[in-house]
Amino acid sequence: MAVTGNGTGTAAGAGTGTAGGRGPLAGVRVVELAGIGPGPFAAMLLADLGADVVRVDRPGGGGLAVDPAHDITNRGKRSVLLDLKSADGPARVLDLVERADVLVEGFRPGVAERLGVGPADCHARNPRLVYGRMTGWGQDGPLAHTAGHDIAYIAVTGALGMIGNPGEPPAVPANLVGDYAGGSLYLVIGVLAALQHARATGTGQVVDAAIVDGTAHLTAMIHGMMAAGGWQDRRGANLLDGGCPFYGTYETSDGGYMAVGALEQQFYDTFTELLGIADRAPARKDMARWGELREAVAARFRTRTREEWTAVFEGTDACVAPVLSLREAPDHPHLAARGTFTDFGGIVQPAPAPRFSATPVSVTSGPARPGAHTESVAADWGVPALLPKEA
């Protein structure tokens, strides 16, 4: 597998832990209260950018049944074990909070308060702290205390209902749209904005990042198009949802797929010429003939393999690309050249993004094993109470 770029490491170095990297967030200290999904991913992104992220894991583990050695969302972090339900657990977390810039938690509303590590408790020890809260429904509202997962959150925002073919159930986009795009990324944006405010004013605040809010925000352009009459509120009937024959996917002769996004006229002209239907394709602006155009495009794609069509379109302005699997993606020539994926500790994984000219980032350590860094965190953060009491 052709995986290149910064961050290449060996199994021996995986999981050793660091005191933060040398990226743009070098020197920023983050406490992460262990959870699943968007919270850990957000904390991973902060670690990727150079922050010193200490994850507070609970004894006995919890969450998804993923081998900690392969949980990439815990790369670049350090871990300590603390039982928040024990007599001194909250006090130890507050010791860390006193020395931190950011805290990230993903409990249901009210849980952190009951455990003694809510915003009021933390700000009493550290008024400058940015307290990042990651939930699906948010901190208030009728469903705030209700359980849920990505699919329910994106369902009520209208995002899920946009995806898929007409007359068929909506297609599930893994948990990328809700958990990570609408959740993690908005939490990180909020945390960084609040961190800037805290450094300017000396005052921290709470960031309430709800997946429903972030996912709804992602649909801003579509709402504008709908208000202007340029978007129909149904699946598979619009320019960007598969309804348009020159923006979608087509099967090849070997069962592969090609993705077509030839929206602009000049790109469409290149597309139809290279596809070999320029002389007989119906007018692209005639929506009444879109079905006919779609069948012409589909029939042509079925005459060759995915590899053959990739060779035809590669490097052109036709806006066509092969649909690759997760295992195939790292070998794509462009991604390999940029080092979009990296191999660290024997695990092929996405490299940190975005990229910085003055403060480059890379994978600095593998997934943090629960409790593996108690001694180093106790020393670096000046919290000797984290160490086990001598008998």
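1. Helix 9 and helix 10 (residues 290-301) cross at roughly 45°, and their axes come within 10 Å. Axes here are lines fitted to C-alpha atoms, for helices over the stretch in contact, and angles run from 0 to 180 degrees between N-to-C directions. Helices (H or I, at least four residues) and strands (E, at least two) are DSSP runs, numbered from the N terminus. Helix 9 and helix 10 are therefore oblique to each other; angles under 35 degrees count as roughly parallel, over 145 as roughly antiparallel, 65 to 115 as roughly perpendicular and the rest as oblique.

2. The model is a predicted one, in which local features need pLDDT of at least 70 and side-chain atom pairs count only at pLDDT 80 or more, while totals for chains, interfaces and linings use all residues. Residues are numbered from 1 along each chain as its sequence is written, and side-chain values use heavy atoms, with hydrogens and water left out.

3. In the contact (heavy atoms within 4.5 Å) between these helices, Tyr-268, Phe-271 and Leu-275 of helix 9 meet Leu-293, Val-297, Arg-300 and Phe-301 of helix 10. By class, this contact of helix 9 with helix 10 has six nonpolar, no polar and one charged residues. Ala, Val, Leu, Ile, Met, Phe, Trp, Tyr, Cys and Pro count as nonpolar, Asp, Glu, Lys and Arg as charged, and the others, Gly among them, as polar.

4. Helix 9 (residues 265-275) also packs with helix 11 (residues 306-313), at an angle of about 130° and with the axes 10 Å apart. These two helices are therefore oblique to each other. Phe-271, Leu-274 and Leu-275 in helix 9 meet Trp-309, Val-312 and Phe-313 in helix 11. The residues of the contact of helix 9 with helix 11 comprise six nonpolar, no polar and no charged.

5. Helix 6 and helix 7 (residues 211-218) pack at about 100°, with their axes 8 Å apart, and are therefore roughly perpendicular to each other. Among the residues in contact are Gly-178, Gly-182 and Gly-183 of helix 6 and Gly-214 of helix 7. By class, the contact of helix 6 with helix 7 has five nonpolar, six polar and one charged residues.

6. The second largest pocket holds about 930 Å³ of space. It is lined by 26 residues, of which Ile-72, Leu-326, Phe-341, Gln-349 and Pro-350 are the closest to its centre. Helix 1 (38-48), helix 6 (176-201) and strand 11 (347-350) each supply at least two residues of this lining, which divides into 18 nonpolar, four polar and four charged residues. On a 1 Å grid over the protein atoms alone, a pocket is an open set of points where a 1.4 Å probe fits, with protein on both sides within 12 Å along at least five of seven lines; lining residues have an atom within 4 Å of a point. Grid points are joined across faces, edges and corners, and a volume is the space filled by probe spheres set on the points.

7. Most residues other than glycine have a negative phi, and most peptide bonds are trans. Ala-174, in the loop between helix 5 (150-156) and helix 6, has a positive phi of about 50°. Cys-319, in the loop between helix 11 and strand 9 (320-322), has a positive phi of about 60°. The peptide bond from Ala-353 to Pro-354 is cis, with omega near 0°, and Pro-354 lies in the loop between strand 11 and helix 13 (374-380).
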